[in-house]
Amino acid sequence: MSEVAAETQVKQKGKTKKMSTRVDFTPMVDLGFLLITFFMLATSMSKPQTMEIAMPSKEKISEEEQTKIKASRAVTILLGKDNKVFYYEGTRENDIDPVLNQTDFSPNGMRQFLIKKNYDIMVKVRELKATKEAKKLSDEQFEKQKMEIISDKKAPIILIKGTDDSNYKNLIDALDEMAICNIGRYAIVDITPFDLELLAKVK
Amino acid sequence: MPKVKIKRKSTAVDMTAMCDVAFLLLTFFMLTSNFIQKEPVVVNTPSSISEIKIPDRNIISILVDGKGKVFFGIDGQENRVQLLTKMGEAYNVAFTPAELKEFSLVNKFGVPINLMKSYLALKSEERDLPQNALGIPCDSLDNQFKNWVSLAKGINKEYRIAIKADQATTYPVIKKLMGSLQEINENRYNLLTSLKTVADYQ
């Protein structure tokens, strides 16, 4: 702008001077940065993370199916009030109730138990990960072999049951623990009267 | 007498280069951007270690706020029109073309179907007010949520279900939702979470 003004002054003095072809870019830069600011504020750069879960279909969960799970392999996790977690192994046998343990979702809580329970498989997965990092396995092969390892017949089966006092975060935390501990077989199921009975004893 | 002219150096800087940079960045942002979509309620998702990204298209998004109100939305404007028409037929509510047009612009909504007409008549700023965001009923008596999902699935088989729930949502609400989805045999779905940092879980 200032340049243009200066030039008109020169003209008035009668001296003929070639008009400069230079254009002042300042307003255009202003506009450019204004638009950049807008786009930066209005965009979401990162997509949200997601957990994929597959629930058992309605027909399959029958009383029969649930008792089919070998008691020795079954671990039941009960999500309680105030982020508390309870777990027990097996089920009632010969009128002896399983021991209900209380823990939480801190790294030293639920996870220690699951790691102990699933130790062999975790070691195998870790080895597999090491071979993958040494570039000996493609992603697909890794996923396939990992699936084979975690669906091992001896692996524990986890049943996640939420009480009415628990919240969504507890559920996600529980699912997270399953992923961390490489547990292949787990299900979210409804709480049974037996579980409530056990819980009532603790309180 | 020749006047000695001391040429003053101009303070004007050449803006061309800066302009180039600005527009280069602008182009980058325009091409990579996907706009933040307006959501009727603020939801604080729990964090998880999962690193799977959600696909961009063909999503049935279900939003659950901390109080247990359920919101629903699908992408694709034509599909939205089809969905509302079908839903209207199922509940005997006739929608005018203007209302269908209006509905195709609604990203996520949370109203019972009988109040849908008055909801669509509202201005878009008024829709998210607490008294207007009622949530979709999903009780066993009146499970409109289940119908929305199954009709949406009927329109496009490719739709994936993504549930975004607040971390404070109580378990009975989640159980009700999962139960409704189970009834219509939708057993695979995604739960949206935010990323947990490594320090959080080690």
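Modeller: In chain B, strand β3 (residues 59-64) is joined to β4(B) by five bridges, and the two strands run antiparallel. Strands pair if DSSP finds at least two bridges between them; strands (E, at least two residues) and helices (H or I, at least four) are DSSP runs, numbered from the N terminus. This is a predicted model, in which local features need pLDDT of at least 70 and side-chain atom pairs count only at pLDDT 80 or more, while totals for chains, interfaces and linings use all residues. Residues are numbered from 1 along each chain as its sequence is written, and chains are lettered from A and ligands numbered from 1 in the order in which they are written.

Within this pairing, B:Val64 stands opposite B:Val70. The two strands form a hairpin with five residues between them, and B:Gly68 in the turn has a positive phi of about 95 degrees.

Strand β4 of chain B (residues 70-74) is mostly covered, with five of its five residues buried. A residue is buried if 20 or more other C-beta atoms, placed from the backbone, lie within 10 Å of its own, exposed if 12 or fewer do, and partly exposed in between. From β4(B), B:Val70, B:Phe72 and B:Ile74 point one way, B:Phe71 and B:Gly73 point the other way, and all are buried.

The loop between β2 and β3 of chain B holds B:Asn58. Its phi is near 55 degrees, a positive value in a residue other than glycine. Most residues other than glycine have a negative phi. B:Asn58 is partly exposed, with 14 other C-beta atoms within 10 Å. Another such value belongs to B:Asn92, whose phi is also near 55 degrees; B:Asn92 lies in the loop between α2 (77-90) and α3 (97-103) of chain B. B:Asn92 is exposed, with 8 other C-beta atoms within 10 Å.

Strand β2 of chain B leads on to chain A. Two bridges join β2(B) to strand β1 (residues 49-54) of chain A, and these strands run antiparallel. There, A:Gln49 stands opposite B:Lys53.

The contact between the chains takes 49 residues from chain B and 42 residues from chain A, where two residues are in contact if their C-beta atoms, placed from the backbone, lie within 7 Å. Among the elements of chain B that each supply at least two residues to this side are β2 (52-53) and α6 (171-183). Helix α1(B) gives the most, with nine residues. By class, the side of chain B that touches chain A has 28 nonpolar, 15 polar and six charged residues. Ala, Val, Leu, Ile, Met, Phe, Trp, Tyr, Cys and Pro count as nonpolar, Asp, Glu, Lys and Arg as charged, and the others, Gly among them, as polar.

The axes of helix α1 (residues 16-32) of chain B and helix α2 (residues 26-42) of chain A come within 9 Å and cross at roughly 25 degrees. Axes are lines fitted to C-alpha atoms, for helices over the stretch in contact, and angles run from 0 to 180 degrees between N-to-C directions. The two helices are therefore roughly parallel to each other, a term for angles under 35 degrees. The residues of this contact include A:Phe33 and A:Ile36 of α2(A) and B:Phe23 and B:Leu26 of α1(B). They divide into 15 nonpolar, one polar and no charged.

Technical notes: Angles under 35 degrees count as roughly parallel, over 145 as roughly antiparallel, 65 to 115 as roughly perpendicular and the rest as oblique.
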